[in-house]
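Please read them with the structure open.

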Amino acid sequence: MAGSVKASTRRRYDASARQASAQKTRRRILAVAGRLFLKEGYTATTMAMIAEAAQVSIETIYLSVGGKPSLVRYLVETALSGADEPVPPLEREGVREIRAEPDTHRKVQMFAHMVRLLLERVAPIWQVMLEAAPEDAELRSLVIELKERHVGSMRSVIDDLAGAGQLRPEISKEAAADVLWAMNSPEFYRLLVTVRGWSGERFETWLAYAWRRIFLPDRPASKGRSRNRPVRDTRRRPRDRA
């Protein structure tokens, strides 16, 4: 009897150790793949390059994650989740906190902060995927899938505001969801932060300000500086040459 208990405990320990080792290997593979995709591009990065850099066999990569499209999917999903493993949108801690916040102006501010952090993580690998998608059917399908899922998530956000009676009556829920989807996209982030050189803080501040003005009914202004006023960009810029 005692021997049976010891054997059972040892098997559970062995299984846990193997699982932990497999997760560590998968994280190493994904970290290496992400660095190579960003540096070399999707097409130029081969499975052999990933295997060599991660110090594993190609077979291990396929067994742990899959081929290159699966690696990209996993990288995007974990970037969206902000975790080592993909987490469904409604189960993410930040999403639950935002949905539970009763003050809609505060809710929008929290959402803008979450979006900024999310886009900082996902925008680089998203750009790699967009550049490779025209020549790769699996990536094209993944882009379409993720965009459609994103539209659905934005509809949920707008439904939450409308359900609380805090959506401007002159804007339809469909239009509001489309605008939120466009402004909450890696492409929009890249234009302002990567191309135009905005800081992440400035991007977040302007998102919150714009979304309040676009989606929420006006509320009485308080004395002093308005909480809805965006922070001015005080950086010195060279004068444009004629």
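1. Trp 198 has a relative accessible area of 17% and therefore counts as buried (buried is under 20% relative accessible area, exposed over 50%, partly exposed in between, with a 1.4 Å probe and protein chains only). Its partner in a tilted aromatic pair is Trp 206, at 6.4 Å centre to centre and 50° between the planes. Trp 206 is partly exposed, at 31%. Rings of Phe, Tyr and Trp (its six-membered ring) are paired if their centres lie within 6.5 Å; planes under 30 degrees apart are stacked, over 60 edge-to-face, and the rest tilted.

2. On provenance: this is a predicted model, in which local features need pLDDT of at least 70 and side-chain atom pairs count only at pLDDT 80 or more, while totals for chains, interfaces and linings use all residues. Residues are numbered from 1 along each chain as its sequence is written, and side-chain values use heavy atoms, with hydrogens and water left out.

3. The protein has 10 helices and 0 strands. Helices (H or I, at least four residues) and strands (E, at least two) are DSSP runs, numbered from the N terminus. Of the 242 residues, 38% are buried. Among contacts with a separation of 6 or more, 64% are between residues 24 or more positions apart; a contact means heavy atoms within 4.5 Å.

4. The whole structure holds 6 aromatic pairs. One of them is Phe 188 with Phe 203, tilted, at 6.2 Å centre to centre and 50° between the planes. This pair links distant parts of the chain, with Phe 188 in helix H9 and Phe 203 in helix H10, 15 residues apart. Phe 203 is buried, with a relative accessible area of 1%, whereas Phe 188 is partly exposed at 26%. Ring pairs also bring in Tyr 189, giving a cluster of Phe 188, Tyr 189 and Phe 203.

5. Which residues of helix H8 (residues 173–183) are buried? They are Ala 176, Ala 177, Leu 180 and Met 183. These residues lie on the same side of H8, because they cover an arc of only 135° around the axis (the arc is that of the directions from the helix axis to the C-beta atoms). An α-helix has 3.6 residues a turn, so residues three or four places apart point the same way. The cover over the buried residues of H8 includes helix H6 (104–132), helix H7 (137–163), helix H9 (186–195) and helix H10 (200–215).

6. The largest pocket has a volume of about 990 Å³. A pocket is an open set of points on a 1 Å grid over the protein atoms alone where a 1.4 Å probe fits, with protein on both sides within 12 Å along at least five of seven lines; lining residues have an atom within 4 Å of a point. Grid points are joined across faces, edges and corners, and the volume is the space filled by probe spheres set on the points. The lining has 46 residues, with Arg 92, Phe 111, Met 114, Leu 118 and Met 154 nearest the centre. H6 gives the most to this lining, with 13 residues.

7. The second largest pocket holds about 300 Å³. Its lining has 15 residues, and those nearest its centre are Leu 30, Ala 31, Leu 75, Thr 78 and Ala 79. Helix H1 (2–40), H4 and H6 each give two or more residues, and H1 provides the largest share, 6 residues.
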